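Take a look at the protein below. Keep the sequence and the 3D view side by side as you read.

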Amino acid sequence: MDLAMPRSPLFFYNTLSRSKEEFTPLNQGEVGLYSCGPTVYDYAHIGNLRSYILSDILRRTLEWSGYSIRQVINITDVGHLAGDTTDTGEDKIEQAARAASKQVTEITTLYTAAFFDDLVKLNIKTTDTIFPRATAHIPEQIELIKTLETKGLVYEAADGLYFDTSLYPAYTELGRLNLSGQVAGARVEVTKGKRQPADFALWKFSPPGADRLQEWDSPWGRGWPGWHLECSAMSMKYLGKHFDLHTGGEDHIPVHHTNERAQSECATGEPFVNYWLHNAFITVDGRKMSKSLGNFYTLSDLAGQGFPALAYRYFLLGAHYRSPINFTFEALGAATKAWRKVNTEVASLPTASKTDDHFMAEFEAAIADDLNTAKGLALLHEVLHSSLDPSVKRATIQKFDEILGILDLNGKPLANTVIPETIKSLVQDREIARGRGDWAQADLLRAEIDKQGYTLKDTSAGPELTPKT
Ligand code: AMP
Ligand code: ZN
């Protein structure tokens with residue numbers, strides 16, 4: 001955070017109002033930001049990662065403007081079913097564990113660590129970010145259902161407890177949904193006892209005789225929480241009942257975020273989130289990049305073809321976050337070339353002195369206008385090719401980079417020099433595994449920490465972490 005920067009007004013496009021609004025924080029102290037995180041059953045693809053670039057740019061912008069941020073990115077390790085938005089199908093995590101003949105925790109540890117690794121590679125800031133896991137918040141989710149039950153919003157169908165969306169008049173607002181004409185069960189196989197198609201599961205019952213790998217006791221019987229519930233329970237736990245900003249990919253608007261909002265507002269009787277920001281998709285040949293279509297790439301796939309993660313970040317920032325980007329290796333190649341050139345040219349400039357006021361004001365205005373990183377990058381090129389004093393150029397570009405995060409001047413991105421929260425979280429998990437005598441899991445976590453470039457030493461004062469040089 002740079003306290004010397006003036007706090008000029010920020011404008012964000014709020015999906016709820018479908019318009020750009022001036023950002024006014026709920027309180028001056030700390031801004032709350034929640035981003036829907038990954039379902040850790042597989043590697044994130046580069047489409048998924050666009051949504052964390054959005055929350056990172058948002059966080060950096062708020063910090064640049066002098067706010068302090070409380071940021072949460074959840075880790076979904078139960079409840080996300082193969083039917084995605086339909087509350088049907090097998091749990092993605094269980095499916096992956098069975099397919100690989102592994103324990104659920106082996107799968108979730110592996111892919112949580114891989115996700116953290118992706119964040120670090122993309123220079124996504126994680127200092128003090130909270131990464132809560134759904135399985136570590138079952139009591140909070142049960143409490144939330146109890147509250148909704150007391151208010152008469154919950155009913156029981158054959159396979160679980162459902163939220164009655166007809167009792168929340170604002171249900172259609174966020175997604176601008178038109179639910180008229182929908183017949184219960186029409187979108188999906190009929191769930192016996194479900195009242196409206198839009199109603200969603202809060203708690204699913206373990207089917208008798210089924211071999212569930214993750215299930216818990218509840219006042220309604222053994223089972224597991226519905227997918228949307230964790231985000232309400234965990235966001236409100238860490239950010240309060242009513243908080244500032246919530247992000248995710250645009251596919252979350254009609255179902256996941258609509259349901260989060262419904263159950264949260266009904267439980268508390270207060271507004272849930274003030275600003276909803278959503279990124280558009282990465283597409284391939286005009287179709288959404290997704291696991292189910294098989295048209296996806298991971299960061300490792302890109303690295304394998306010689307494209308560094310930061311070049312992908314640069315590629316993404318060249319478009320506005322609300323514009324779809326059609327991914328091609330040709331376009332990534334052009335962006336990578338430009339990214340390398342920028343880094344080489346900036347590295348050749350004498351070290352920084354004073355920034356240029358005119359360019360700083362232009363950059364600030366671009367970013368304050370709904371995070372216009374494309375304009376920000378264009379300004380970076382203008383600075384580079386201007387007639388400014390070389391050291392002023394460098395200072396100005398480095399200041400831009402506090403938000404853009406694309407410079408890699410000595411082989412190390414500038415922002416991630418402290419031990420990232422992601423690594424600390426792995427160390428914490430290892431301590432928990434050791435505490436319950438799960439040495440195999442502890443070793444797995446040590447190997448992950450090592451792989452991500454840190455040496456772990458167990459000392460009498462606790463685990464000690466040092467970056468490998
Ligand atoms: P998931 O792990 O499936 O829950 O998705 C993680 C995040 O990625 C969510 O915010 C999704 O909305 C987002 N997402 C999924 N596919 C894409 C895509 N092709 N382009 C951009 N964002 C996506
Ligand atoms: Zn969510």
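This report covers the metal site, the cysteines, a ligand and a few single residues.

## Ground rules

This is a predicted model: local features need pLDDT of at least 70, side-chain atom pairs count only at pLDDT 80 or more, and totals for chains, interfaces and linings use all residues. Residues are numbered from 1 along each chain as its sequence is written, chains are lettered from A and ligands numbered from 1 in the order in which they are written, and side-chain values use heavy atoms, with hydrogens and water left out.

## The zinc site

Cys36 (SG), Cys231 (SG) and His256 (NE2) coordinate the zinc ion (ligand 2), at 2.0 to 2.2 Å. Donors are N, O and S atoms within 2.8 Å of the metal (3.2 Å for Na, K and Ca). Water is not among the atoms, so sites may look incomplete. Along the chain, the donors of this zinc ion are spaced C-x194-C-x24-H. Cys36 and His256 belong to distant parts of the chain, 220 residues apart. Cys36 sits in the loop between strand E3 (30-35) and helix H1 (46-64), and His256 in helix H6 (residues 253-268). Helices (H or I, at least four residues) and strands (E, at least two) are DSSP runs, numbered from the N terminus.

Are these residues buried or exposed? Both Cys36 and His256 are buried. Cys231 is buried too, with a relative accessible area of 1%. Buried means under 20% relative accessible area, exposed over 50%, and partly exposed in between (1.4 Å probe, protein chains only).

## Cysteines without a bond

A disulfide is a covalent bond between the sulfur atoms of two cysteines. The rule used here asks for a pair of cysteine sulfur atoms within 2.5 Å. By this rule the model has zero disulfides.

Cys266 counts as buried, at 12% relative accessibility.

## Around ligand 1

Ligand 1 has 19 residues around it. A residue counts as near if one of its heavy atoms lies within 4 Å. Gly47, Gly249, Asp251, Ile282 and Met289 come nearest.

Some polar contacts (pairs of N or O atoms within 3.5 Å) stand out. An N or O atom in the side chain of Asp251 is 2.4 Å from an oxygen atom of ligand 1. Gly47 places a backbone N or O atom 3.1 Å from a nitrogen atom of ligand 1. For Thr39, a backbone N or O atom lies 3.3 Å from an oxygen atom of the ligand. Taken alone, ligand 1 exposes 500 Å², and the protein buries 93% of that. These areas come from the Shrake-Rupley method with a 1.4 Å probe; for residues, only the protein chains shown count as cover.

## Two residues with positive phi

Most residues other than glycine have a negative phi. Asn123 has a positive phi, near 60 degrees. Asn123 lies in the loop between helix H3 (104-121) and helix H4 (138-150). Asp128 is also in the loop between H3 and H4, with a positive phi near 65 degrees.

Asn123 counts as buried at 1% relative accessibility, whereas Asp128 counts as exposed at 57%.

## A serine in helix H6

Ser264 is found in helix H6 and counts as buried, at 0% relative accessibility. Leaving aside neighbours within four places in sequence, Ser264 is in contact (heavy atoms within 4.5 Å) with Ser232, Met236 and Phe272.

Conventions: Polar contact = N/O pair within 3.5 Å; in protein donor to acceptor, adjacent residues only side chain to side chain.
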